[in-house]
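Hi everyone, thanks for having me. Please have the sequence and the structure open while I talk, and we'll walk through a few places together.

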Amino acid sequence: RIRNMVDAFGSITWWGFSPAIDLLDKGIHLCIFVLFFGFADLVSELGIVPSEREINVLMIGAGDVRHVLKTLAQNRRLKRPKIKFYIIENNVEVLARHLLFLSIVLETADQLGLQEKAELFLELYGNLLIRQQVADYIKTKSEHLIRMVTDLDYARKVFPFVDLTQLKYKERDFLEGVFKFWKRSDPAKFDVSTLWDQRLRYLLKARYDARLGVFDWDYSMKLQDKASVIHSKQYKHWRETGIAFEKREGGYELPNRTLASGLILKKTGESVLRRGYWGDMINSPYLGFGIETENEDLLKKANNVHTRTACDVAEYNVTSHVHELLTGTKYEGASGTIIEEVPEEKSSDPHYLHPVDATVVFLPSNSAAGLPAKEKYAKLFDVVYFSNSMVHHLTPDMQAVFADNATVVLETTKFMLDLRPEQSEEFVKKIIGMATAAGCKPSKPCGYDNAH
């Protein structure tokens, strides 16, 4: 018997547990939990740093590319300085997904239209099962990603937006193995529906047969007040099936191999490595893109009931971020309506757009603790983001990598549904203490009811 099948939050973060934010928006200081290093004049006209130099952002454990995508979209639209992201994740499989989603976003219009990109992005982002055409896309895309991680000269040529040179050889080898697994077409090798059900049975135990009631309780007592735009029917459907975003007609029947990862478990006293679905099973993929938006029409209510759903919000947000990143203009699509680019003749070779004002650098997994000891990172980062699962890296030593007047953004546990309010409140108190010890000063009082 295999034990230790992890809790409902999972052992790997496939999606973030807070809404996407623009990390360079000075308005965020008014509504989220932000800490500043230093006591000088902290906000320029831009909101963070002087406009004449490149902005360096360190992201530790975000779990997805939501903050990167939103920040870059705003950067293009508002014509702000060049920005360079440095990304650290606990798991190489998460970096594989980062590379996939960034490449989807930047494919040229002759390969993927705007609406097609948004739907493809969300289907792979939050669905346990995908359609045949999406599985075919992943199989083809994996071959290209394999070449990128095994030939850095090729990667620099075709996709200079992402810098893979800082990864260790063993991590690029691991990435190659991940992409080779994605290429496989035998569903039996990753029977994800069975794996999902096994996790459900383990987590719910005697309550398994009454699981629909459990899902309803979690929604009404834990989630609804925090994110009411997530419809109960959609949330419960995701809890039961692992499918969050259904847009196109057609069967969602094939496993989404990008959500596979390995975990060491105990079996009859021995440690065994088991591939499975080890991600979130309670919070949902709707949180990152589906609960906040600039388009207030999508959040309107009639008779105190939302007229749109988190799926509508997520599709609009991803579409607008992609549009703004690629064009530098504000997305003006109507509520729930997508302005689609007209694809030209498809090309068999990958072609990507390269925003001249941005670069994303992948750093080695678990390299956060060693950054302060490296001279090249001394006082480098203007913005530093810590997820709630990686905030233990916010130590006094980390102060060495903070630029003067740096901004430190900490994710709270607001949307971690299995935590009680007093636990979330205690978490905020703890991270405030950690930030203070690292030389930070709170921008304003903030509690556990804030996402950051």
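Let's begin with a question: does Val361 count as buried or exposed? Val361 counts as buried, at 1% relative accessibility. Buried means under 20% relative accessible area, exposed means over 50%, and partly exposed is in between, using a 1.4 Å probe and protein chains only.

A quick word on what you are looking at. This is a predicted model, where local features need pLDDT of at least 70 and side-chain atom pairs count only at pLDDT 80 or more, while totals for chains, interfaces and linings use all residues. Residues are numbered from 1 along each chain as its sequence is written, and side-chain values use heavy atoms, with hydrogens and water left out.

Back to Val361, which sits in strand β12 (residues 358–362). Strands (E, at least two residues) and helices (H or I, at least four) are DSSP runs numbered from the N terminus. Val361 and Ile87 are 274 residues apart in sequence, yet 6.2 Å apart in space from C-alpha to C-alpha. If we don't count residues up to four places away in sequence, Val361 touches Lys84, Phe85, Tyr86, Ile87, Asp163 and Gln166. Contact here means heavy atoms within 4.5 Å.

Now zoom out. The protein has 12 helices and 15 strands, and of its 452 residues, 57% count as buried. Take the contacts between residues at least 6 apart in sequence: 79% of them join residues at least 24 apart.

Next, find strand β13 (residues 381–386). Six of its six residues are buried, so β13 is largely enclosed by the rest of the structure. Which strands pair with it? Strand β3 (residues 55–60) pairs with β13 in the parallel sense over four bridges, and strand β14 (residues 402–410) runs parallel to β13, joined by five bridges. Two strands pair if DSSP finds at least two bridges between them. Look at Phe386 in β13: Ile60 stands opposite Phe386, and Phe386 also stands opposite Leu410 in β14. Phe381, meanwhile, stands opposite Phe402 in β14. β14 is mostly covered too, with seven of its nine residues buried.

Step on to Ser387, in the loop between β13 and β14. Ser387 is buried, with a relative accessible area of 2%. Leaving aside neighbours within four places in sequence, Ser387 is in contact with Ile60, Gly61, Ala62 and Glu411.

Let's turn to a pair of helices. The axes of α2 (residues 92–105) and α4 (residues 132–150) come within 11 Å and cross at roughly 110°. Axes are lines fitted to C-alpha atoms, for helices over the stretch in contact, and angles run from 0 to 180 degrees between N-to-C directions. That makes α2 roughly perpendicular to α4, a label for angles of 65 to 115 degrees. On the α2 side, the contact is made by Leu99, Leu100, Ser103 and Ile104. On the α4 side are Tyr137, Ile138, Lys141, Leu145, Met148 and Val149.

Finally, two loop residues. Most residues other than glycine have a negative phi. Lys205, however, has a positive phi near 50°; Lys205 lies in the loop between α7 (192–204) and α8 (211–223), and counts as exposed at 55% relative accessibility. Asn304 has a positive phi as well, near 65°. Asn304 lies in the loop between β10 (301–302) and β11 (305–306), and is exposed at 65% relative accessibility.

Technical notes
Angles under 35 degrees count as roughly parallel, over 145 as roughly antiparallel, 65 to 115 as roughly perpendicular and the rest as oblique.
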